[in-house]
Amino acid sequence: MKRVDGIVGNVDDDPDLAAEIDAHEQAGTLETVVLDDTERKRSRLRVTTDAGTDLGVLVDQPELTAGDVLVLDDDRAVVVAFEAREAFVIEFPATETAVETGIELGHRIGNQHWDIAVDGATIYVPVDADRAIIENVLGPYIPDAATTRYETVDAERFVDSSEPERDHPHNDPD
C-alpha cells in the first residue's frame, strides 16, 4: 500500500498541473480513484485505483474534490473522480414562478437533510432514500405542470460551488 499524505493540487485550479496530468493520460500512466459520496467526505481512507494500485489516503481538508491529484511522479499520476449518483429530478415549466412552491419544497427537502442542486427551473435531489419516501415527501407539493423523473447525474452537481476555495500547500507563494 502506498501512503498519500495530502493532495498535490487540483487539475481545475492549476493549468500546469492539468498539463502534467494530460501528459500522464497520453502516456497511459494516469490512474483514477472513483469515490462515492461518503468516501469523498472522509479525511482518511483506503482506496484502489482503476489500475489496481492500493492507496492509504490522509488529507487535511474536510473533503476531497473531483480533480484532486493524490500522486504525481514520473511513473504515474492518480486523480480523484466521483461516482455518478441517481437523482430525483423535478422540472418546472418555464412559466412556473410560484414562490410558494419553491418555499414548500425547500422546507420539505431541508427537513429531510437532503442535498439539492438547482439548475434554472430544474431541481435535483440525490436518491439517498427509498424512491417511495422521496415521492411521498415531495409529491404533494409538486405542481401538476411540473414533470419528474429519475436520472443518473454527475456527483459534482451536489458539491456546493459556493464553498470558499481551498488552500493547496503547493500553491502558497511563501
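Modeller: Let us begin with a pair of residues in a sheet: the bridge partner of E31 is V78 in β7, and this is read from a predicted model.

Biologist: What makes β3 and β7 a pair of strands, and in which sense do they run?

Modeller: Two strands pair if there are at least two bridges between them; β3 and strand β7, residues 77-82, are joined by six bridges and run parallel, so by that cut-off they count as paired.

Biologist: In what order do the strands of that sheet follow one another, and what makes β2 and β3 its edge strands?

Modeller: The sheet is open, with four strands in the order β2-β6-β7-β3 and mixed pairing. The strands β2 (9-10) and β3 (30-35) are called edge strands because each pairs on one side only. Helix α1, residues 15-27, packs on this sheet and touches β2, β3, β6 (68-72) and β7, its direction making about 60 degrees with that of β6.

Biologist: How do you know that β6 pairs with β2 and with β7?

Modeller: The threshold is at least two bridges: β2 and β6 are joined by two bridges and run antiparallel, with V69 in β6 as the bridge partner of G9, whereas β6 and β7 pair over three bridges, also in the antiparallel sense, and there V69 stands opposite V79. A hairpin of four residues joins β6 to β7.

Biologist: Why is β6 described as largely enclosed by the rest of the structure?

Modeller: Four of the five residues of β6 are buried, and that is why the strand is described in this way.

Biologist: Why is T49 called buried, and where is T49 found?

Modeller: Buried means under 20% relative accessible area, and T49 has 4% relative accessibility, so T49 counts as buried. T49 is found in the loop between β4 (44-48) and β5 (54-58), and, leaving aside neighbours within four places in sequence, T49 is in contact with E31, T32, V33, L55 and V78.

Biologist: What about V4, is this residue buried or exposed?

Modeller: V4 lies in strand β1, residues 2-5, and at 3% relative accessibility V4 counts as buried, so the conclusion is again reached from the value. The C-alpha atoms of V4 and V71 are separated by 7.2 Å, although these residues are 67 residues apart along the chain.

Biologist: Turning to the other sheet, what makes β9 and β11 its edge strands?

Modeller: This open sheet has four strands in the order β9-β10-β8-β11, with antiparallel pairing, and β9 (117-119) and β11 (147-153) are edge strands because each pairs on one side only. Strand β8, residues 85-91, pairs with strand β10, residues 122-126, over five bridges, and F88 stands opposite V125 in β10.

Biologist: Why is the aromatic pair of F88 and Y150 called tilted?

Modeller: Planes under 30 degrees apart count as stacked and those over 60 as edge-to-face, with the rest called tilted; the rings of F88 and Y150 have their planes at 50 degrees and their centres 5.2 Å apart, so the pair is tilted. Because F88 lies in strand β8 and Y150 in strand β11, the pair ties together parts that are 62 residues apart in sequence. F88 is buried, with a relative accessible area of 3%, whereas Y150, at 23% relative accessibility, counts as partly exposed.

Biologist: How do you know that the charged end of R131 sits over the ring of Y150?

Modeller: The distance limit is 6 Å from the ring centre, and the angle to the ring normal must also be within 35 degrees; the charged end of R131 sits over the ring of Y150, 3.9 Å from its centre.

Notes:
Residues numbered from 1 in each chain as written. Predicted model: local features only at pLDDT ≥ 70, side-chain atom pairs only at ≥ 80, totals over all residues. Heavy atoms only, no water. Contact = heavy atoms within 4.5 Å. Axes fitted to C-alpha atoms, helices over the stretch in contact; angles between N-to-C directions. Phe/Tyr/Trp six-rings, centres within 6.5 Å; stacked < 30°, edge-to-face > 60°. Buried < 20%, exposed > 50% of the residue type's maximum accessible area, 1.4 Å probe, protein only.
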